[in-house]
Structure formats: C-alpha cells, structure tokens
Amino acid sequence: MVKVKLYAYLRDNRGKEVDFEYRTGLTIADIAKELELDLSDVSIIICDGKDDVPEKMKDVEVKEDSLVHFFPPVAGG
Amino acid sequence: MVFSENAKLLGKDHLEVIAESCFLVVGLGGLGGYIANALTRLGAKQLVLVDFDHFQESNLNRQLFSSRETLNRPKVEVVKEMLLQINPNLEVTALQGNIQDYSDHRRVVKATLVFDAVDNIKTRLWLESFAEMQKVPLVHGAIGGWYGQVGFLMPGSKLLKTLYGTKERGIEKTLGSPTFIPPIIANMMVNEAVKWLHNIEGLLLNKLLFIDIKNHDYQILLDHTK
C-alpha cells in the first residue's frame, strides 16, 4: 500500500491521507492524476525522504510501501 | 525592572543576551507587526524594520499596528512610533523601501538575525541568499488561510530554494490571511529566535514545521539537517 499525505487546501475533498493500491510502474504523476491534483498547485513533493520540485519528482516510480507528501506553496506574510 | 517577567522563564541573563542581538524584520504585514511587537516586549535593544508599503484598509483585519488613524502612513514609521511607546530606549531603524535596495545599509549588514516576514516568494529567496552571504540565521515564516509554516534556517540550508522551486505565488492569494493566523505564526517565529539565542533545545534548525490550525495538524515536513 502506498500512503499519500496531503497538506493545506490540497486536503479539501481529499482528506489528509489517502492509501493507494500499489502496482508496478506506478509513478507520482499517476497518483496526482488519480487524486485530480494539478501539479502546478504543488510546491514540493517528498517521496521516502527525497524532496524536490514536481517537475523532477513526477516520473519517480513509487515502491510498495512508499510514503508520498504533496505540499503547496505557502508564502503570505 | 521592565520586561524582567521574561527572565523567569529565560534566565537572569536574558536581557543581556537579547540586547546584544540586532534583529532585522523584513516585511511589516501580518507577520512583521507581531514580530516587531514581540521582540520589543522581550526586551530587544536593536531593531531594523524594512517595508515599502503604507497601511491600507485591507490591512485592518490582521495587521497589529493598523488602525483608522494610521491609514495611508508608511508602515515602518507607524511601527517605529508604536514600539518606542513600549520601550523609549529601543534603537529602532525604520527603512521604507525594498530590502534589496538596503542590502548594504550599515544597520542592515549589522543584523545578527533576519526575520523573513515578506509576502512574496521572490523576496523570500533573495533573503535566504542575503542571510547566507551575511552568515546569519534566517527565521522563516509564511501564512495562507488556515495554514502556516515556520523554520529556523542556517546559512547554506537552501531550504526555501528547495521548498519554493520555481513557484511565483502561494495559496494565500486564494485563501487570504484571516485575523487569527498571523499572530500564531509570528510568535512561533520569535519563539524560535529565543531558543536560538538562549541555546534552548527544540529549535527547528534547518527544518520546516507545517501548521494546520483547521485540523490541528503540526508536523515537520522538511529536514535539511541530514
């Protein structure tokens, strides 16, 4: 099972955590698509401790027990 | 003694320690006003405030020193006056304009701790580079809707560069900044500065704490100590 954690308003209508059935070749972009997440709304993706911008993370294939975080940019002052 | 109530928690040397620091607060919006207020009431001696803007009606919902009387006046000027009413001995420098234009100002380069309280990603990334160049820590805080984040970033962490990537705008453009979020995040930023100055454990050193006051979820999202 792949665990996905969402932050801030990405939680609206999706919840804080979503479990995904693992399948071979499942990428972060696939997960985002199934969650109807627009990657342009995401600032950083963390997968199993590795963090980077969506453009660099989207093609990463997750593992059977991966933990993926999607975090939007928060920048108000 | 004025402000000595803080010494009960922070120790007898608290006022000496805080007096030695020069705090640079960049941005006097929702966060910056509360930060300047807290630093002054903690007993800070040296403060530098930077903001280009004037108080507007739209600030009244959340900005500590905004009022009907201060509308249309430069924020730095108003905040300086208010802080001097709290502590007339405060050495406060008010710089109206963009921080980029004051990067070699004698008081700015003297800062020992920088507060990132601005409202845009471009300036936040500039501040991270500036603090790295000056070899001083950056206390980061940001807000949007029910959410906020705080971190205490040492030179070289490049956490903000990682965090924001190529993004240009944040969720606050849609969700706004409600009355109650700025004081929470601002005071958490000051709390981190106090822990740093007094070498108290629990500092968010090169970490980013995510704060969701809607669901009461608080967790360290990024850790650049590794």
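This is a predicted model: local features need pLDDT of at least 70, side-chain atom pairs count only at pLDDT 80 or more; totals for chains, interfaces and linings use all residues.
Trainee: Axes are lines fitted to C-alpha atoms, for helices over the stretch in contact, and angles run from 0 to 180 degrees between N-to-C directions. At what angle do helices α3 and α4 of chain B pack?

Mentor: Helix α3 (residues 30-42) and helix α4 (residues 75-86) of chain B pack at about 25 degrees, and their axes are 10 Å apart. The helices (H or I, at least four residues) and strands (E, at least two) are DSSP runs, numbered from the N terminus.

Trainee: What are the confidence scores?

Mentor: The model has an ipTM of 0.91 and a pTM of 0.96. For chain B the average pLDDT (the predictor's confidence in each residue, from 0 to 100) is 96, and 100% of its residues score at least 70.

Trainee: How many residues does each chain give to the contact between A and B?

Mentor: Chain A supplies 16 residues and chain B supplies 36.

Trainee: Changing topic: what is the strand order of the sheet in chain A?

Mentor: The 5 strands of chain A form an open sheet in the order β2-β1-β5-β3-β4, and the pairing is mixed. Strands β2 (17-20) and β4 (50-52) of chain A stand at the edges with a single partner each, so one side of each has no neighbour in the sheet. Neighbouring strands in this sheet are turned by 15 degrees against each other on average, direction ignored.

Trainee: How do β1 and β2 of chain A run?

Mentor: They run antiparallel, and 4 bridges join β1(A), residues 2-6, to β2(A). Val4(A) has Val18(A) of β2(A) as its bridge partner. Two strands pair if DSSP finds at least two bridges between them.

Trainee: And what is the order in the sheet of chain B?

Mentor: That open sheet has 8 strands in the order β3-β2-β1-β4-β5-β6-β7-β8 (chain B), again with mixed pairing. Its edge strands, β3 (91-96) and β8 of chain B, each pair on one side only. From one strand to the next, the twist averages 15 degrees.

Trainee: Which helices pack on it?

Mentor: Helix α5 (residues 121-134) of chain B touches β1 (22-26), β4, β5 and β6 (147-153) of that chain, and its direction makes about 170 degrees with that of β4(B). Helix α8 (residues 181-197) of chain B touches β4, β5, β6 and β7 of chain B, and its direction makes about 165 degrees with that of β5(B).

Trainee: In which sense do β4 and β5 of chain B pair?

Mentor: Strands β4 (residues 113-116) and β5 (residues 138-144) of chain B pair in the parallel sense over 3 bridges. Phe115(B) has Val139(B) as its partner in β5(B).

Trainee: And how many bridges join β7 to β8 of chain B?

Mentor: There are 6, between β7 (residues 207-212) and β8 (residues 217-223) of chain B, which run antiparallel. Leu208(B) is partnered by Leu222(B) in β8(B). This hairpin has 4 residues between its strands, and His216(B) takes a positive phi near 50 degrees.

Technical notes
Residues are numbered from 1 along each chain as its sequence is written. Chains are lettered from A and ligands numbered from 1 in the order in which they are written. Two residues are in contact if their C-beta atoms, placed from the backbone, lie within 7 Å.
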